[in-house]
Amino acid sequence: MESIVCFINQKEGVGKSTTVFQIAAGLTKRRKKVLMLDIDPQASLTTYLGMDCNVDKNMYTFITGKSNFEDTIVRTASGDLIPSSLELGFREIELVRHLGCEFMLSSAIGEYCKNYDYVLIDCPSSTNIFLYNALMLSTHAVLVMQANCASTKWIGEYTLILDNVFKFFKKKVKFASVIMTRLNERYSVHKVLSEQMSAALSERNVPVLKSKIKNSEVVFEANACHRSLLDYAPTNDVTIQYDNAVDELIAIISGDKKALRQKVQKQKDI
């Protein structure tokens, strides 16, 4: 069965789109077939992958039936992509008037997800109709967050959102994990907040990935060049951290606890 993972956070600038890009690249490296869905009107993922965010056939035309799957997807080195568009945000008021508007993405994509090992969804940084469309399709959710005070409040918020999705729509989305990004090791507060968040999440049985992503200029350089870190800087620390995160996510989503323990132990040994 395919794994459909949405990457979420209501705070902008946490590295959510970058994380989707790098996880997709890592999965593709492992010979997994990957589909990326950019349902964020800001279209950052689309831009990082080198696409025009004003492309004619995009997420808006796809979910409204104005373009089909084969005509809309774009082949990239990191997997297939349904690109977003600035038009998506402009059309939100129109879309919320549709009966069952929360299921437009699920209805449009139909059986196509079964052609992929992993479907990764880049969600908007807000609780809107596009987030709920992503959740209605997803099997798992990953919260991408920085180690700061503003981020901690979203832990309970997203737990409540996933609970409400099940309560009102009978759709079970597993809170798979939290991935910490843009960590600055020079700031002791980052370490303290990281430990606090890990403790808070453990109470909810949500694992925090051991692979924490540090802040680095190389990430911005790679995005500007429309290249994955594996391609742009394969030996960089951040590249290795993201690559380790891929293995952790695979183990968590597949439920392979033995593989996860081995991966964590290997990182400790390093």
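This is a predicted model: local features need pLDDT of at least 70, side-chain atom pairs count only at pLDDT 80 or more; totals for chains, interfaces and linings use all residues.
Strand S2 (residues 34–38) pairs with strand S5 (residues 118–122) in the parallel sense, over 5 bridges. Strand S2 also pairs with strand S4 (residues 79–82), again in the parallel sense. That pairing runs over 3 bridges. Leu-37 stands opposite Ile-121 in S5 and opposite Ile-82 in S4. S3 and S4 pair in the antiparallel sense over 3 bridges. A hairpin of 2 residues joins these two strands. Thr-76 has Gly-79 of S4 as its bridge partner.

Ser-44 belongs to helix H2 (residues 44–48). Its relative accessibility is 18%; because buried means under 20%, Ser-44 counts as buried. Leaving aside residues up to four places away in sequence, Ser-44 touches Ser-17 and Asp-38.

The whole structure contains 3 aromatic pairs. Phe-69 and Tyr-112 are stacked, at 4.1 Å centre to centre and with 10 degrees between the planes. Phe-69 lies in helix H4 (residues 69–72), and Tyr-112 lies in the loop between helix H7 (104–109) and S5, so the pair ties together parts 43 residues apart in sequence. Phe-69 is buried, with a relative accessible area of 3%. Tyr-112 is partly exposed at 31% relative accessibility. Phe-103 and Phe-169 form an edge-to-face pair, with 5.8 Å between centres and 75 degrees between planes. This pair also links distant parts of the chain, 66 residues apart. Phe-103 sits in the loop between helix H6 (92–95) and H7, and Phe-169 in helix H9 (residues 149–169). Phe-103 is partly exposed, at 32% relative accessibility. Phe-169 is likewise partly exposed, with a relative accessible area of 30%. Ring pairs join Phe-62, Phe-69 and Tyr-112 into a cluster.

Phe-166 takes part in contacts with charged side chains. Lys-170 lies over the face of its ring, at 5.9 Å from the ring centre. The charged end of Lys-172 sits over the ring of Phe-166, 6.0 Å from its centre.

Methods:
Residues are numbered from 1 along each chain as its sequence is written. Side-chain values use heavy atoms; hydrogens and water are left out. Two strands pair if DSSP finds at least two bridges between them. Helices (H or I, at least four residues) and strands (E, at least two) are DSSP runs, numbered from the N terminus. Buried means under 20% relative accessible area, exposed over 50%, partly exposed in between (1.4 Å probe, protein chains only). Contact means heavy atoms within 4.5 Å. Rings of Phe, Tyr and Trp (its six-membered ring) pair if their centres lie within 6.5 Å; planes under 30 degrees apart count as stacked, over 60 as edge-to-face and the rest as tilted. A charge sits over a ring if NZ of Lys or CZ of Arg is within 6 Å of the ring centre and within 35 degrees of the ring normal.
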